[in-house]
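Here are some notes to read alongside the structure.

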Amino acid sequence: MTDKEEEMGASLFSRTIDIMENDPLEEIFALNMGDFISEYLISEDLASKIGKSAKNKTEKLKSQLKELISIYSLDNTLCVLGFDSKDEYVIYNSIAKTLTQILDVDACHIYLTEEFTRGLTFDDKFLGLVGSSVEFNEDIYSKKLGYADNENSIIVETFKSLEKVQVKDVSQISNFVPKAELKEDCVKSLAIIPMHNNAYVVGVIVIENYKEKNIKRAYMDLVDTIARLFGTSMHLQKAVETAENLIADNSIAIEELQQMRAELTALIGDLGSNQQAFVEKLAKAVDEKGQYKVAHSQNTAELSRKLCKQLGLNEKTTDLVYYAGLLQNIGKITLPESLFTNKGKLSKEEWEKLQNHPNVGVNLLMNINFLSEVIPYIHYHKERWDGGGEPEGLKGNSIPFGSRIIAVADAYMAMTSERSYRKALSKDEALDIIKNEAEIKWDPIVVNALFEVLK
């Protein structure tokens with residue numbers, strides 16, 4: 001796969017055609033199964049079954065499909081499909097509102113194809129509005145807002161092209177027709193991002209501003225990654241449904257089972273790649289909002305990983321600490337940028353918002369199930385070795401080790417980074433401060449590891 005194909009989300013499933021004929025199970029199951037997936041999702045029991053002979057080829061294939069389905073579950077991805085009533089679709093309103101906060105925009109709308117809107121009807125429209133940040137006085141779904149397949153609209157055009165667009169001045173285009181119900185008469189600029197995984201497109205995300213404004217690159221990259229994560233999740237959930245039907249079919253051909261096995265394997269791998277990209281793009285967006293002039297979250301995560309290796313921690317723990325390092329300031333993503341650019345004294349309300357940002361981040365992470373294991377590391381990274389920290393005043397070794405590692409890495413990177421309100425400290429100045437505060441703020445063992453890593 002080329003770098004361009006990887007960037008575009010091309011699935012490695014296309015490679016399976018060359019290895020399907022002789023059915024080498026080791027290769028098929030290895031396909032697209034990177035360390036991220038195998039470390040957390042593949043059981044030893046499944047691994048032991050790969051490559052072994054079976055008396056009944058069909059039953060073995062069905063058994064492997066069941067194992068793949070068990071690897072993938074709604075607990076390992078975004079729960080964005082399988083709704084049967086309009087009440088369940090409220091999750092999309094929440095997602096739309098969260099995106100308006102993250103991106104600091106005026107409105108967000110989410111449209112899905114009719115294939116993914118069970119429980120809702122949109123008459124002759126093939127794209128239906130399932131979520132919006134705009135407050136409605138009545139049921140949003142009773143309005144049946146959406147777009148017909150043949151409609152001359154930039155939203156339909158973007159959906160079909162799979163190419164995201166950003167328009168700074170909508171008056172310059174003829175195929176944007178405002179919907180009064182969505183307050184689009186006020187829209188001055190917009191961005192449209194297709195939700196897709198390779199060529200499998202499930203809908204679009206529409207971002208709107210009531211003044212001419214370009215969305216920052218880091219934010220657009222984040223939305224694009226979210227859109228791909230949605231597309232992959234929904235494609236995978238549909239594939240699981242198909243696989244379940246094939247398992248129940250007693251007359252199914254072996255070739256169909258092989259094809260489905262390869263497709264599920266590839267999609268689970270794609271999901272892992274998209275999840276990792278989501279974490280990294282989210283971290284970059286946090287840094288952008290926090291007004292860091294360097295990639296603070298990425299640098300903190302990298303330093304945390306080096307500390308883990310210096311301390312001899314295993315690979316899984318190291319990976320979890322790395323992800324927690326990326327996301328330790330995630331709460332800042334829903335706070336206004338003005339809080340970080342303000343060089344004067346913050347108001348009491350502004351200060352409380354900043355002080356509480358770790359809890360905002362934890363709540364957000366709890367809704368992204370595949371990141372649940374990093375929550376404790378993030379939640380307690382503001383604790384102090386002497387017990388004087390937050391949020392619970394944990395002391396010494398009662399603070400999770402991962403949190404103690406992130407705390408030291410975060411402090412060092414923050415001290416040596418230039419901010420809008422102060423200049424960066426030198427390496428030696430930062431290390432002197434951290435050394436003097438060992439056994440007060442920081443775990444002395446982690447501080448010693450920091451000196452070893454940076455010497």
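Contact here means heavy atoms within 4.5 Å. Please keep in mind throughout that this is a predicted model.

1. Let's start with T318, which lies in helix α11, residues 315-327. Beyond the residues up to four places away in sequence, T318 touches R305, C308 and L313. Its side chain also reaches the backbone oxygen of N314, at 2.8 Å.

2. Is T318 buried or exposed? Its relative accessible area is 5%, and since buried means under 20%, T318 counts as buried.

3. Staying with α11, have a look at its partner, helix α16, which covers residues 401-415. The two axes come within 10 Å and cross at roughly 45°. Angles of 65 to 115 degrees would be roughly perpendicular and those under 35 roughly parallel, so α11 and α16 are oblique to each other. The crossing of α11 past α16 is right-handed.

4. Which residues make that contact? From α11 they are V321, A324 and G325, and from α16 they are G402, I405 and I406. Sorted by class, the contact of α11 with α16 has four nonpolar and two polar residues, with no charged ones.

5. Next comes helix α10, residues 296-310, together with helix α18, residues 444-454. Their axes come within 9 Å and cross at roughly 105°. Because 65 to 115 degrees counts as roughly perpendicular, that is the description that applies to α10 and α18.

6. If you want to highlight this contact in your viewer, select L303, K306, L307 and Q310 on the α10 side. On the α18 side, the residues are V446, A449, L450, E452, V453 and L454. The contact of α10 with α18 divides into seven nonpolar residues, one polar and two charged.

7. Helix α10 also meets helix α9, residues 254-289. Here the axes come within 7 Å, and the crossing angle is roughly 125°.

8. The contact between α9 and α10 is made by A283, V286 and D287 of α9 and by H296, S297 and Q298 of α10. By class, its residues are two nonpolar, three polar and one charged.

9. Now for a residue in a loop: I173 is found between β4 (165-167) and β5 (189-197). Setting aside neighbours within four places in sequence, I173 is in contact with I154 and V167. I173 and I154 are 19 residues apart along the chain, and their C-alpha atoms are separated by 8.6 Å.

10. How accessible is I173? Its relative accessibility is 24%. Buried would need a value under 20% and exposed one over 50%, so I173 counts as partly exposed.

11. Finally, T100 lies in helix α6, residues 90-103. With a relative accessible area of 13%, T100 is buried, as the cut-off for that is under 20%. Leaving out neighbours within four places in sequence, T100 is in contact with V105, D106, A107, C108 and S133.

How values were computed: Residues numbered from 1 in each chain as written. Predicted model: local features only at pLDDT ≥ 70, side-chain atom pairs only at ≥ 80, totals over all residues. Heavy atoms only, no water. Helix = DSSP H or I, 4+ residues; strand = E, 2+ residues; numbered from the N terminus. Buried < 20%, exposed > 50% of the residue type's maximum accessible area, 1.4 Å probe, protein only. Polar contact = N/O pair within 3.5 Å; in protein donor to acceptor, adjacent residues only side chain to side chain. Axes fitted to C-alpha atoms, helices over the stretch in contact; angles between N-to-C directions. Parallel < 35°, antiparallel > 145°, perpendicular 65-115°, else oblique. Left-handed = near helix turned anticlockwise from the far one by under 90°. Nonpolar A, V, L, I, M, F, W, Y, C, P; charged D, E, K, R; others polar.
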